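Here is a friendly walk through one protein model, written for someone who likes to know the cut-offs. Please keep the viewer open as you read.

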Amino acid sequence: MSFLPYGGYLRAVLARARDARLLVPHRRVSGGPGCARDPPAGAGLLRGQLDRFGGVSVRLGALDCVDAAAFQKALQASVQQWRSEGRVAVWLHVPILQSALITPAATLGFRFHHAEADAATLTLWLGQGPSRLPGYATHQVGVAGAVFDENTGKILVVQDRNKLKNMWKFPGGLAEPGEDFGDTAVREVFEETGVRSEFRSLLSLRQQHSHPGAFGKSDMYLICRLQPRSFTIELCPHECLRGEWMDLAALAASANTTPITRRAARLLLYGHREGFDKVDLTADTFPAVYTGLFYKLYHRELPDSYKGAE
């Protein structure tokens, strides 16, 4: 996931972006029933919605027609209109079944930004100077769950199937889009071991670049401290070779584990002996600047006297 928000590109246009009205609705272009081959002057503009940075987002899912020449004419007229209005960028979202429209867009200067399973997104920078649009996803996020039973001093570990060297590690996997770190850890632990757990804190974060398993992009790997809610292990036969509740001190001293697992085990051991407040990054939820959305902030817990009013 890219950590480059739109921010930074033309803050001066934010005032314009408060006007979130739709632009002139598109008229259907030629190529199917109800499409006008020669739309009258002023018509034929594509529907675009302003974003808060002064850009325009166009989604072609509502178009019935895929005549490339007519679409190119409508897109060119729309781009001219948006440029005259001082818009700074166009985001063009093209469903896979309308891929024929990518070529005419490319001839007008549009370039690929990213593609997903059923759509591609192209961009055209209309502002002054080089494009300041953010890049697409540059990271994948893996999350592991360190399920630690404080009563017994045991921790849940597994060995992955189909690995060249089977070392003890915490169960985990890649986060799904829109999934919180803690939810990923709880889900992955259950899917791999059948053990139910509850999120307690974030323990550590690893950042690695040019990762072969991330298509050469950057990889982030987080370890969450989880509290067990069940203890019977039922391994997923497709992912895990072995699984057990191991003494935490033994894991922290073991040579048959990964360096990051061993370091996290030592963090847990220290927290268990000295207090988890010394190692935990807990999560607080706050409202985001985008209406109706929220974010989680992970940090060491502050004394009450320092919290103040939010």
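## About the model

This is a predicted model, where local features need pLDDT of at least 70, side-chain atom pairs count only at pLDDT 80 or more, and totals for chains, interfaces and linings use all residues. Residues are numbered from 1 along each chain as its sequence is written, and side-chain values use heavy atoms, with hydrogens and water left out.

Helices (H or I, at least four residues) and strands (E, at least two) are DSSP runs numbered from the N terminus. Two strands pair if DSSP finds at least two bridges between them.

Five strands form an open sheet in the order 1-2-3-5-4, with mixed pairing. Strand 1 (49-50) and strand 4 (111-115) are at the edges with a single partner strand each, so one side of each has no neighbour in the sheet.

Strand 4 runs antiparallel to strand 5, and four bridges join them. One to look for is R111, whose bridge partner in strand 5 is T123.

## Two nonpolar cores

A nonpolar core is a set of buried (under 20% relative accessible area, 1.4 Å probe, protein chains only) Ala, Val, Leu, Ile, Met, Phe, Trp, Tyr and Cys residues joined through side-chain atoms within 4.5 Å. The largest has 21 residues, of which V58, L75, W82, L92, F110 and L122 touch the most other members. Elements giving two or more residues to this core are strand 2 (55-59), helix 2 (68-84), strand 3 (89-95), helix 3 (102-107) and strand 5 (119-125). Helix 2 gives the largest share, five residues.

Not counting residues up to four places away in sequence, L122 has contacts (heavy atoms within 4.5 Å) that include W91, L92, I102, F110 and F112. A second, separate core has 20 residues, among them A144, L248, L251 and F276.

## The second largest pocket

A pocket is an open set of points on a 1 Å grid over the protein atoms alone, where a 1.4 Å probe fits, with protein on both sides within 12 Å along at least five of seven lines; lining residues have an atom within 4 Å of a point. The second largest pocket holds about 700 Å³ of space. Its lining has 27 residues, and D160, K163, K169, G172 and Y221 are the closest to its centre. Strand 6 supplies the largest share of that lining, four residues.

## A hairpin

Strand 12 (residues 282-287) and strand 13 (residues 294-299) run antiparallel, joined by six bridges. T285 stands opposite K296 in strand 13. Six residues lie between the strands of this hairpin, where G292 takes a positive phi near 85°.

Key
Grid points are joined across faces, edges and corners, and a volume is the space filled by probe spheres set on the points. Buried means under 20% relative accessible area, exposed over 50%, partly exposed in between (1.4 Å probe, protein chains only).
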